[in-house]
Amino acid sequence: MRYVIIGNGVAGTTAALTLRAREPEAEITMISGESDYFFSRTALMYAYMDRMTLRDLEPHERKVFAKQRIDLVRDWVVDLDATERTLRLKSGKTIAYERLLLATGSLGTRLDWPGLQSAKEGVVHFVTLDDLAQCERVTPSTSEAVVVGGGLIGVELVECLAFHGKKVTYLVRSPWYWPGALAMEESEIITEHIRRHGVDLRGTEEVDEVLLGADGRVRGVRAKSGAEFGCQMLGIAIGVSPAVDWLRTVKTPPKIERGIRVSPSFETSLPAVWAAGDCAEFAQDGEWVVEQIWYSAKRQGELAARAMLGDRVRYEPPIFYNSAKFFEIEYTSTGSIGKPPEGSRTFFCRIPGKEASVRIVEQNGAVVGVNMLGARWDHTFFERWITERRSMDYVVNHLREAQFDVEFARVEIAAVEASYKQWRSPVSS
Amino acid sequence: MVREGKLSWLTHDLTHRGVTAWLLTVLLTGFYLVLYYTEVFTSVARAIGLDSKWTFYGLVYTSAIVVGGIFVLRKYRHNRYQVVRTSVVMFVQAVFAFSIPAILKFFHQPEYYFSYFWPLKFDDFVPGTIFHLPLVYILYSFLGSLLLVPVLGIFFGKRWYCSWVCGCGGLANTAGDPLRHLTSKSSAAWKFEKIAIHTVLTVCVALTALLFVTWGVGNRAPALARFTSGFQTFYAFLVVAMLSGVVGAGLYPIGGTRIWCRNFCPMAALLGLVQKFGRFRITVKDNMCISCGLCSKYCEMGIDVRSYAQANQSFTRASCVGCGLCAEVCPRGVLRLENVRRRHPQELALVQISPARGGSRVAI
Ligand SMILES: Cc1cc2nc3c(=O)[nH]c(=O)nc-3n(C[C@H](O)[C@H](O)[C@H](O)COP(=O)(O)OP(=O)(O)OC[C@H]3O[C@@H](n4cnc5c(N)ncnc54)[C@H](O)[C@@H]3O)c2cc1C
Ligand code: SF4
């Protein structure tokens, strides 16, 4: 069997290794235009901040690929012919496949703000190695930077720029930072923390126009509020979109909406073509979704490979969980977060003396989500409790078991318990 | 990307095998050679009122640990494990490895180092030396080496010694902290480590046995006595002077801080074997690793921590000194040092994790 994978990200690489483990004789080729070897996109910021070299970002020793007989091709795929089962590369070469996996990941979302198109220098994204190179190129000639976009990539870029001593203005559209996942209380803790690092974080600011100097370099942005922010570097981190545009114009395009539409077993609309990772869009509870996180891409890569091998696979995303770090504050969340569901009750407690908090959401007597800030927790406990439909009482009483802080540094759960008791039956005075 | 400015350039150069790092290495190895084979530092010591070049060396070494330790305490002040551990290692060095021996010497008592045990401090186990000491020292030496070291190793792993007590580890984890990431993470380096460290341990045990036999036989076999003494001199030159001093500390700026501990220290080898059967392990949180690689990068023992973390595999590696820096740098809180009561037998198997679990450690 001749397997070809487009994309050497975590989805593609996990798929390749899964295929190899099961089929010692198969031919496996992995093509990517971005890099020779699989690297960890999630660690881009550490390369930017001189904590790692690009080579350090590679999760496997290079010789693993030779040993596993996975042929690596560094090129961009420009055409796909599903009737002939061939791919055409930018270099002009053609590659034939019997089974194909599309694992093309995503790219930084671009918006069409006035002025942006004509910017010659100073506009950056933070998703690919090219983006990183671009950032590094303009960093020395920058003293003020503006970053737009209140998500995780935005705050990572902000941290990098602050590290490099830039005066950073951070513009987010919503009234508070990251309302998609954080309630106001947590957001306040984080906002305060980010500001303490010298970053000027502004809520309710939306870009209206990108201002350019005579040489075409960014010199600032004007917000819808009318305020102008001067900068020599504009970081756009308003989200990522599946890297599928090139697929819309190939000879036989698969069905694409936001991402490549796939069945629960990762089949696209084309025969013998599967898709997985950031680029795939699948149905969940009657809605079409793309999951653009590392854990999903890894899981999908493995499952898609199994589907390609002929296993019966039905992808059902597990209970959602994610983690992040905002400068020094660590964050773990599990289950339904963001807007509390209809008819739910929420317990929130700020842990005294720390930039830490606990949030537990309960609906119909069962905990449906937790949001934890500033301490370490083992999310697998939360997953289990949510699956077992445990009550809030139960979760608070067992919270200790889920603690994952370093030795000698456990957060005082007693304070949480006391605050919970008070919240449950407030003593009237 | 390196930060702008001359100071940033210098720090980067010094910590990334630049010109200044090489210069420092030449300086450090030179220092050790001069210390061992000349009397230059004897006169320096006398000039500042110390009795010998070894006391002078002890003072320099202890100062490096204390000053470096203060920086480390500041750097990791948010992490209680690091604060406690660093304070202990500084305390042990200043008190047990420097002050107490100096005081003993001042009062014309035998100069005894309570923080060192066989097989690291060879002399404390050599019948010819130890049996001349008062009984308490003999007891401390034998019980310490044969009982205390392995028993604590079973309960807490080798970390109780290698990153909480030992002076070699102490220097690595204080003054050496900015250089910790230089240790090679390649599988080839791991292979070399396993061969080298167990060879030294074997040689060390053989020499100890030989010393006891020679002592038991007494004057009856002068040829044996000559051979043993030659063997001992050879060991002192190669292992103690060259590998632990010149190579171990001299090459910090090039090879990282634990060259000696990782590849050559017989004590680490022994404790490593104990650790494999003890309670210590690094617990990996299931499916939370983002493969960023910070843990591997900052492992001073060259363990590719990421390869376990991304395969969701809790593990106990013989070489792990339990410094806890992987858990400190991990941005997703994936790792935790633990002393667990019961372990999964699978953790003891060296490698071979199925790629189907998302990892892809391949047989090495
Ligand atoms: C800065 C940053 C931080 C992040 N941090 C986190 C985090 O903390 N936690 C988390 O869960 N997720 C995080 N993510 C998201 C996570 O990195 C992605 O979900 C994950 O990398 C997706 O993997 P993938 O294999 O689907 O795609 P990718 O890693 O994007 O790989 C796709 C590859 O396909 C190649 N490709 C695309 N089109 C072609 C073509 N036509 N021809 C040849 N090659 C092609 C690309 O060059 C690319 O190398 C972060 C993302 C970014 C950008
Ligand atoms: S530092 Fe943490 S997230 Fe990064 S590779 Fe290591 S275990 Fe994984």
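Start by selecting helix α14 of chain B, residues 266–276: nine of its eleven residues are buried, so the helix is largely enclosed by the rest of the structure. Keep in mind as you go that this is a predicted model. Show the side chains and pick out the buried residues of α14(B), among them B:Met267, B:Leu271 and B:Val274. B:Gln275 and B:Lys276 are buried too.

Next, move to chain A and colour it by domain: domain 1 (2–34 + 51–106 + 241–308), domain 2 (123–238) and domain 3 (321–428). The C-alpha centres of domain 1 and domain 3 of chain A are 37 Å apart.

Now select ligand 1. Domains 1 and 2 of chain A both give residues to its shell, so ligand 1 lies between them. Residues from chain B join those of chain A around ligand 1, so the site is shared between chains. Of the 34 surrounding residues, the closest are A:Ala11, A:Glu34, A:Val77, A:Asp278 and B:Arg332. The shell comprises 16 nonpolar, twelve polar and six charged residues. Highlight α7(A), residues 294–308: this helix gives the most to the shell, with three residues.

A polar backbone atom of A:Ala11 is 2.9 Å from an oxygen of ligand 1. At A:Gly33, a backbone N or O atom lies 3.2 Å from a ligand 1 nitrogen. A:Arg41 places a polar side-chain atom 3.1 Å from an oxygen of ligand 1. Taken alone, ligand 1 exposes 990 Å², and the protein buries 95% of that.

Technical notes:
Residues numbered from 1 in each chain as written. Chains lettered and ligands numbered in written order. Predicted model: local features only at pLDDT ≥ 70, side-chain atom pairs only at ≥ 80, totals over all residues. Heavy atoms only, no water. Domains from an automatic or database assignment. Buried < 20%, exposed > 50% of the residue type's maximum accessible area, 1.4 Å probe, protein only. Helix = DSSP H or I, 4+ residues; strand = E, 2+ residues; numbered from the N terminus. Near = heavy atom within 4 Å. Polar contact = N/O pair within 3.5 Å; in protein donor to acceptor, adjacent residues only side chain to side chain. Areas by Shrake-Rupley, 256 points an atom, 1.4 Å probe, with all protein chains shown as cover. Nonpolar A, V, L, I, M, F, W, Y, C, P; charged D, E, K, R; others polar.
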